[in-house]
Amino acid sequence: MFKLKTLSQVIAASVATSFLVGCGGGSSSSSGSASASTNTTEVTGSVFASYVADAEVEVLAGKNRIAGPVKTNAMGNFEVKIPNEHLTSELVFVATAGKYTDEATQQSVDSERLAVIAAANSLGTSKKVSATPASTLIERLSEQLSVAGEENPLAKAQEYYEKAFGDLPDTSVIPVDVTKENSSADAEAKKEGLRAAAFSQLLKDLGLEAGDHKALLDALAEDLADGKADGMNATQEVQLKNQKLSKDIANRFSSALVKFTNDTTKNKSGLLPGNAGWIKFHETAAGENYLFKLEPKGEVLRGRTDFTLTVTDLEGNAVAGLAGKQPMLMPMMHMEKHSHSSPHAGCGTLDAAGKTDCTVYFLMSSAMGDQFMGNWELAFTVNKGADNEDSVKFFPTVKM
């Protein structure tokens with residue numbers, strides 16, 4: 001069972017673990033040490049999206065390169081010696097070029113740029129770092145916040161990321177490719193690999209190419225710069241390739257994570273949605289034909305919770321043809337080793353504005369103290385069996 005990893009817990013442990021952004025390579029050597037004779041500390045790392053081979057990794061203090069470049073091996077691993085005088089500074093590991101196999105499509109993809117930030121004083125104790133899509137997104141967002149004058153851009157970037165996507169990446173963990181059998185890998189390595197794969201699944205779900213990884217991360221960083229994952233940077237729409245970034249992009253990531261995790265033809269890790277880390281609740285979800293909004297009436301608690309569900313067209317306008325229709329509701333609790341349903345009273349019929357009330361009786365909370373129990377999923381379907389049938393999922397956090 002996973003323990004919750006909140007931002008406050010991560011910050012409290014920052015002297016013991018390093019925070020990484022991007023796609024770095026991990027060395028087959030797991031140990032590193034400071035040398036009195038060379039005045040350097042050897043750090044092992046990984047560039048992962050999945051394994052990024054032949055990437056070039058350099059280490060920056062501010063704008064200055066203080067170590068590297070070094071190359072990743074076939075497993076995306078690397079070793080680099082850091083001058084001890086720089087260990088008290090925030091460092092950025094940047095990986096460029098290289099190739100990896102996209103988890104969602106199994107296509108061979110050119111990697112453009114992955115990065116990770118190691119907090120000041122973190123590499124003296126934890127000498128492993130991993131650059132992943134999540135760490136790269138945090139690094140890009142941190143840079144934008146720094147330019148905007150944020151006093152502590154890394155902490156703020158982590159706060160915004162956690163609010164939108166759930167678990168912060170543990171950059172001291174070397175991820176494994178979950179599309180391959182990894183029976184000897186621990187659960188944390190699999191979980192980090194699984195959450196990296198969710199970004200590949202998200203690209204596929206958005207109809208983009210596997211090679212559009214960097215474009216997606218850049219767009220997400222631009223979107224999150226105002227603290228909200230809603231397809232907008234303040235009042236400006238965020239563009240992703242030749243389309244607008246979806247207003248429900250955070251929920252789409254949650255759905256992509258669950259979708260990939262449930263696909264056992266791709267996910268060979270043995271992990272279920274209940275041990276894929278924290279899946280965040282967002283009130284808006286867009287289907288193929290309709291926009292769904294789910295608003296709790298008060299706190300979402302173990303026991304009875306009532307929701308207001310609104311179904312409109314994709315622009316938020318009422319749809320006359322939906323009036324009188326009754327959406328289907330299916331609750332599911334994803335735990336560590338299994339999933340189970342929960343009692344519910346379903347939903348009423350939609351009114352002229354596309355609104356109705358729904359009731360769920362949650363059998364358990366999402367967490368007990370800092371012990372993560374699982375992820376709740378609420379699936380809604382309208383026009384079941386018709387040509388314009390549409391379904392979405394929400395992932396509410398249920399409190400005690």
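A nonpolar core is a set of buried Ala, Val, Leu, Ile, Met, Phe, Trp, Tyr and Cys residues joined through side-chain atoms within 4.5 Å. Buried here means under 20% relative accessible area, with exposed over 50% and partly exposed in between, for a 1.4 Å probe and protein chains only.

The structure before you is a predicted model, in which local features need pLDDT of at least 70 and side-chain atom pairs count only at pLDDT 80 or more, while totals for chains, interfaces and linings use all residues. Residues are numbered from 1 along each chain as its sequence is written, and side-chain values use heavy atoms, with hydrogens and water left out.

I begin with the cores. The largest nonpolar core holds 75 residues, and Val80, Ile82 and Phe93 touch the most other members. Its biggest contribution, seven residues, comes from helix H6, residues 249-262; helices (H or I, at least four residues) and strands (E, at least two) are DSSP runs numbered from the N terminus. A second, separate core has 26 residues, including Tyr290, Phe292, Leu329 and Val382. In general, nonpolar side chains tend to be buried together in soluble globular proteins.

Let us turn to H6. How many of its 14 residues are buried? Ten are, and H6 is therefore described as mostly covered. Among the buried residues of H6 are Ile249, Phe253, Leu257 and Phe260. The buried residues of H6 pack against helices H3, H4 and H5 and against strands S14, S23 and S24, where contact means heavy atoms within 4.5 Å. From first C-alpha to last, H6 reaches 20 Å, close to the 20 Å expected at 1.5 Å a residue; the expected span is 1.5 Å times one less than the number of residues.

Next, the sheet. Five strands form an open sheet in the order S14-S15-S16-S20-S19, with antiparallel pairing; two strands pair if DSSP finds at least two bridges between them. S14 and S19 are the edge strands, each pairing on one side only. Within this sheet, seven bridges join S15 (residues 290-296) to S16 (residues 303-313). Tyr290 has Asp313 as its bridge partner in S16.

Finally, the disulfide, defined as a pair of cysteine sulfur atoms within 2.5 Å. One was found in a search of the whole structure. It joins Cys347 to Cys358, S to S 2.1 Å. With 110 degrees about the S-S bond, this link is right-handed. Cys347 lies in strand S19 and Cys358 in strand S20, so the pair ties together parts eleven residues apart in sequence. Cys347 is buried, at 5% relative accessible area, and Cys358 is buried at 1%.
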